[in-house]
Amino acid sequence: MKKVSPFIIGIIVICTIGTIMQIPFDKIPITGHFTPFQTEYLALTLKMGLIFCVGMIGIKKFRLKHLSGLSPNYKWTSKLLNLIPIYLFFIGVSAFMGKDITTVSIANVLLLLFACLAVGFAEEFIFRGFLQPIFIRKFISKKNGVFLGIFFPAIFFGASHLLNLTVNDNVLQVIVQSIYALLIGFFFGVLILKTNRLLPVAITHGLINFFFLFNSLPNLNGQADVISEPQTPMTVTMQILTSFAPLILFLPLFIVGILILRKVEKEQIQKKLDNQLQLYSSAR
């Protein structure tokens, strides 16, 4: 498997995710006891659990623990860098400030939180924990190899969001979502290399999703717990403005990621690779 191109592995990862996302967990008979909202997020949690398992299996099989941010042999460094994305928490909270949240079911809030954390862990483990180390191992010897090792997995992370076209016919919105997924994916990739920790990034990823999706909770400000009716189509100009607005929020993370990357020592990454290889050789 070492000779397999990381790009082929990336394509396999996306195909695997696409296949898992098509599993009709929401059609299981037991889901009839839940509301549409609960059914949707229970199904999402199950799917993310499978994707998380794929990431974990990949990390173990390809011996990527040292570069994935899961090795206890390396200290959690530059901890304050994990606080940078917190500004997104406040932006997410601002969307429902002033609304009456007392009508929201605690069960729905906890389900949403758990589902969002499941998404964070699944996506970070499979893209940053599994795919990124494979690319870094491939490009580490090349000029700008560390950048490429982070950027290519971020591209695949962004491309994976194109799968949303199966449930969202707003092509522009999905494309822009893929772009800002690439931007934040690159930042997360740099953060893992700099801090030596994957778990804080996975938690941050999940919490960002949670705060941005909190406004979709049923009964928030009278919003019923039913599948929403189709809305009046927006003009092309409105669609463009609405779709591209999130880029303004996530572009700073990409820029900060570039700046942090300049502080990441290539020699330290190579040392991790050598230590992992030595550990594997001694265990044989």
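A: First, a term we'll need: a helix here is a DSSP run of H or I with at least four residues, and helices are numbered from the N terminus. Also keep in mind that this is a predicted model.

Q: How many residues is that, and what share counts as buried?
A: The chain has 284 residues, and 43% of them count as buried. The accessible surface is about 15300 Å², and carbon and sulfur atoms account for 68% of that.

Q: What about contacts between residues that are at least 6 apart in sequence, how many of those join residues at least 24 apart?
A: That would be 84% of them.

Q: Let's talk about helix pairs. At what angle do α2 and α5 pack?
A: Helix α2, residues 36-61, packs against helix α5, residues 106-139, at about 25°, and their axes are 8 Å apart. That angle makes α2 roughly parallel to α5, since angles under 35 degrees count as roughly parallel.

Q: And is their crossing left-handed or right-handed?
A: α2 passes α5 in a left-handed crossing. The residues in this contact split into 21 nonpolar, six polar and no charged.

Q: Which helices does α5 cross besides that, say what happens with α6?
A: The axes of α5 and α6 come within 8 Å and cross at roughly 145°. The α5 and α6 crossing is right-handed.

Q: Which residues meet there?
A: On the α5 side they include Glu-123, Phe-127, Leu-131 and Phe-135, and on the α6 side they include Leu-148, Phe-152, Pro-153 and Phe-156. By class, the contact of α5 with α6 has 11 nonpolar, four polar and two charged residues.

Q: Where does His-161 lie?
A: His-161 lies in the loop between α6, residues 145-160, and α7, residues 171-195.

Q: Buried or exposed?
A: His-161 is buried, because its relative accessible area is 12% and buried means under 20%.

Q: New topic: how do α4 and α8 pack?
A: Helix α4, residues 86-94, and helix α8, residues 199-213, pack at an angle of about 20°, with their axes 7 Å apart. They are therefore roughly parallel to each other, and their crossing is left-handed.

Q: Which residues meet in that pair?
A: From α4 you have Leu-88, Phe-89, Ile-91, Gly-92 and Val-93, and these meet Thr-204, Leu-207, Ile-208, Phe-211 and Phe-212 from α8. The contact of α4 with α8 has eight nonpolar, two polar and no charged residues.

Q: One last thing, which helix is Asn-209 found in?
A: Asn-209 is in helix α8. Leaving aside its neighbours within four places in sequence, Asn-209 is in contact with Cys-116 and Val-119.

Q: And how far are the C-alpha atoms of Asn-209 and Leu-117 separated?
A: They are separated by 8.1 Å, though Asn-209 and Leu-117 are 92 residues apart along the chain.

Terms used
Residues are numbered from 1 along each chain as its sequence is written. This is a predicted model: local features need pLDDT of at least 70, side-chain atom pairs count only at pLDDT 80 or more; totals for chains, interfaces and linings use all residues. Side-chain values use heavy atoms; hydrogens and water are left out. Axes are lines fitted to C-alpha atoms, for helices over the stretch in contact, and angles run from 0 to 180 degrees between N-to-C directions. Helices (H or I, at least four residues) and strands (E, at least two) are DSSP runs, numbered from the N terminus. Angles under 35 degrees count as roughly parallel, over 145 as roughly antiparallel, 65 to 115 as roughly perpendicular and the rest as oblique. A crossing is left-handed if the near helix is turned anticlockwise from the far one by less than a right angle, and right-handed if clockwise. Ala, Val, Leu, Ile, Met, Phe, Trp, Tyr, Cys and Pro count as nonpolar, Asp, Glu, Lys and Arg as charged, and the others, Gly among them, as polar. Buried means under 20% relative accessible area, exposed over 50%, partly exposed in between (1.4 Å probe, protein chains only). Contact means heavy atoms within 4.5 Å. Accessible areas come from the Shrake-Rupley method with a 1.4 Å probe; for residues, only the protein chains shown count as cover.
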